[in-house]
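Subject: Handing over the structure

Dear colleague,

I am passing on to you the structure we talked about, and below it I set out what was found in it. Please look through it before reading the notes.

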Amino acid sequence: MSVSVELLRDNVEPEDVALFSTFTISATAWLLFSTAVGVLLSFKFPYPDWATNPALSFGRLRAIHTNDAFYGWASVALSGAALYVASRTSGIPVAGKRFAWGGLALFNIAAILGTITLDMGINNGDQEYREWVWWVTAVFLLAVIFTFTALLTTVAKRVEREIYISNWYTLGAFVFTILLGITAYIPVYQRGLGQVAVQAFYMHNAVGMWFTFLALGVTYYALPKLLNRPIYSYALGVLGFWTNLFFYPVIGAHHYEFTPLPWWFQTLAIVFSVGMLVPVWAGTGNFFLTMRWQWETVRRSYALPFIVVGVAYYFLGSTQGTVEALRSLQTIWHLTNYTVGHSHATMYGFITFIAWGAIYALLPRATGKRPPVLATGLHFWLATVGVTAYVVFLSVGGTEQGLAWAAGDPFIASVEAAAPYWAGRAVAGLFMFLAHVIFAYNVFMMTVGPSRESDRYERRPAPVQST
Amino acid sequence: MTGWAIVLVGTIATLWSIGAAIYWTVRPGETDPSHPKYSILRSDR
Amino acid sequence: MNNVWVLVIAAGAIYGCFCILMGVAPGMILSHTPPVAGLKPLTAAEARGRDVYVAEGCSYCHTQNVRPLVQDKVFGRPSVGGDYAYDTPQLLGTERTGPDLSNIGARQPSDVWQYIHLYDPRALVHESIMPRYTWLFQVRPSASAGEITVPLPPGYAPANGVVIATQQAQDLVAYLKSLKQLPLGTVK
C-alpha cells in the first residue's frame, strides 16, 4: 500500500459535510469582503483623496476590515474546522447540529450588523477589536455559545475514552471567549484610565485566547492526519495548553507600561512574557519534530505547506511579541506601523495560514473533492510572498517612522519616510487579495463545484465497529 | 510583599515549565499503542 | 483527561480568575483615578465633538498619550492618569500615523486653521495623507448671517460657492480646542 493518506475520503454523514462546507463558504465570503476593504484602505495611504466619502472613509473602514477578518473570516473558518475535528476524534457525527447551524447563522448576522453600524459611524468608542456596539457583540457571543454547545455535546458523546488534545484547545477557546466577551462589555469598571487597562487586557486576549487556541487545536489533528504520523509529543501539547492558559492572560499588562500601575504588576508581565516562550517554542518544536524527515511529503501535499508557513509565523510572530515587550525597543517601535506588521504576521501568517491548511487538509476528506493543484499552488505562493512582503515593508517603514521621531524631525518627516513602504504594502496587499480570490475558487471546487472523477477521493468503506 | 511573593511564584512556574518542555522534547515517550495520539490515525477517525 | 466537564469547568474557572485579576480589578482601581487639578468635564458642544471624533475613527491615526520620552516632548508634557479622568471612551490610541493630539488645543488654537485642515489637510500641509472630511461641511452659493465660512486658499476652494462649517464641524473643532494639558504644578 503506497497510497498517500490524502487520497482517502472520510466516512462522514451528508449533513456534516454540508455543515463543514457551509462554514467554510461563509468564512471565505467574509475573507474576500474584509480583505477587499483592507486593499482599499492600503491605497488610501498613497492616494488620500481617493474615495472621499463617509461610508468609504479610513476611520470607519479600518474597524470593518479588522472585525470582519477576525469575526467573519477567522472565527467561522476555524469553528467549522473545530467541529469537524471534534466529530472525527470523537468517532461520532456532529451532535447538536441545530446549534451548529444556528451558530453559523448568528456569526453572519453579527458580522452584517457590525459592518452596517460601523459604516454608519456607530461604534463602541473606537476600542480596537471590540468596536461593535454591545448588541452586535451580544449576537456574536450567542453564536459562540451555540457553536460551543454543538462542540461540547459532540465531545461529551464521544466513543473514545480520552479527549484528544485538539478538543482541549478548541473547547478552551470557546469558554475563554465567552468569559472575555462578557468581561469586555460591562461598563462599570471602564472609566478613563480603567478602560485603558481593560482594553489592553481585552485586545491581547481576544487574539491569544481565541484564535491561537483554535488554530493550535485544529493543527494537532490536521498535521498528524496529513503525515499519517502521530504528534511527536502529546505531553508537550498538554503542557502548551496549560502554560498558554496560565501565562498568556498575565502578559497583557505589558501594554500598561506608561500607566501608574504597581511595579510588581509590570515585573510579573515581563516574567510571563519570557514564560510565553515555553508554549510557543514547545508548540512549534513539537510540530516541526512531527514533520521531521518527511519534507518530501510536505512538498507534495496541498495542505502541509500552509501549515508549515503558519507554524513558522507562529514562532516568528510570537517571539517578536516577546521582544517587542522590552521597553528599550518599544521606545522606537511603539505607535509605529511596525505594530501593524506584527498583527499581520500573527493574524495572517499564523492564524489565516493554519485555517487554510486545515481547510485544504480536512474539507476534501469530507466532500471527496480535491482542489485543483495549480490553483492551490498559486494561492500558496501569492499569499506567502504577499504576507512576507507586507510584514517586511511595514517593519522597515515602521522603524523609519520611529527613527524619524527619535531624530527630532518635524512630524511630517515620519510620514514622508514611511510613504514608499506604504505604497509597497498596498502592492503586497493586492497579492494577498488575489490569493483569496483563488482560494474562493478552490473552496467552490472542494464543495459545490463540478468535480472531475480524477479529482475525487475514493470513498472508504464504512467502519465495521468503532470502539 | 505580596507582590514579591507573586513574582516569585511566577518565576518558579516559568522555570518549571521550561524544564518540563525540555524533558518531553528529549523523551517524548508515549509508546503505548492505545495512546490517543495513535488512535486518531485510524482510518475511522 | 477523560471528563469533558472537569476540563471545561477547570479551564473556565482559571480563566475567569484571570479576567477578574487582570481585567476587572485593574479597571476598577484605575477607574477611580482622580482628575488632575483644574480638569473640567467637557461642555455639551465639546462632548458632541468628541462623538464625531469617535464616529470618524480619528484615534486610529492620532494618539492622545504623550510618553515620557524625548521624542514626545514636542507634543506636551508626559500624560498622567488624571488627564483621562473624564475620558470615556478612552482615546489613547495605538497608532501615531498623524501627530499626537493630547495638547492640540494649545498647540494649534486657531479655529480657521482647524476648519481648513479638516476640509482639506493638503491645503495646509502638502505632504499630509489625512483624509478630507468634506461631509462635515456644506458648499452653498452664499452664506447666511451667523454661518461660519471656511477661507480656503486658492486652488483648494470649490469653483463656485462658499464652504460652510456644519454643526458637526463646529463641535469637532470645539472638542479639538478643548484638548489642552493642564500644568501639574506641585499638587498632583
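How many salt bridges does the rule find across the interface of chain A and chain B? There are two, and in one of them B:Arg45 pairs with A:Glu160, with 2.9 Å between the closest N and O atoms. Please keep in mind throughout that this is a predicted model.

**Chains A and B**

The elements of chain A that each give two or more residues to the side touching chain B are helix 2 (58-90), helix 6 (193-227), helix 7 (234-251), helix 8 (263-275) and helix 9 (277-291), and helix 8 of chain A gives the most, with seven residues. By class, that side of chain A divides into 22 nonpolar, nine polar and six charged residues. In the contact as a whole, 37 residues come from chain A and 29 residues from chain B, and the two chains bury about 2,700 Å² between them, with 70% of it on carbon and sulfur atoms. The polar contacts between chain A and chain B come to eleven residue pairs, both residues being at pLDDT 80 or more.

**Chains A and C**

Two pairs of chains are in contact, and of these chains A and C share the most contacts, whereas chain B and chain C do not touch, their nearest C-alpha atoms being 11 Å apart. Here 65 residues of chain C meet 76 residues of chain A, and the area buried between these chains is about 6,300 Å², 68% of it on carbon and sulfur atoms. Of the area that chain C buries against chain A, 13% is supplied by C:Tyr15, C:Met22 and C:Tyr60, which is more than any other three residues supply.

Across this interface, too, the rule finds two salt bridges, one of which joins A:Arg60 to C:Glu56 with the closest N and O atoms 2.7 Å apart, and 17 residue pairs are in polar contact, both at pLDDT 80 or more. Helix 1 (4-31) and helix 2 (44-55) of chain C each supply at least two residues of the side that touches chain A, the largest share, 20 residues, coming from helix 1 of chain C.

**A pocket**

The second largest pocket has a volume of about 880 Å³ and is lined by 42 residues, with C:His62, C:Gly98, C:Pro99, C:His117 and C:Met130 lying nearest its centre. Helix 4 of chain C gives the largest share of the lining, four residues, and the lining as a whole divides into 26 nonpolar, eleven polar and five charged residues.

With best wishes

Terms used. Residues numbered from 1 in each chain as written. Chains lettered and ligands numbered in written order. Predicted model: local features only at pLDDT ≥ 70, side-chain atom pairs only at ≥ 80, totals over all residues. Heavy atoms only, no water. Contact = heavy atoms within 4.5 Å. Buried area = accessible area lost by both parts, 1.4 Å probe. Salt bridge = Lys/Arg side-chain N within 4 Å of Asp/Glu carboxyl O. Polar contact = N/O pair within 3.5 Å; in protein donor to acceptor, adjacent residues only side chain to side chain. Nonpolar A, V, L, I, M, F, W, Y, C, P; charged D, E, K, R; others polar. 1 Å grid on protein atoms, 1.4 Å probe; cavity = no way out; pocket = protein on both sides within 12 Å on 5 of 7 lines; lining within 4 Å. Points joined across faces, edges and corners; volume = space filled by probe spheres on them.
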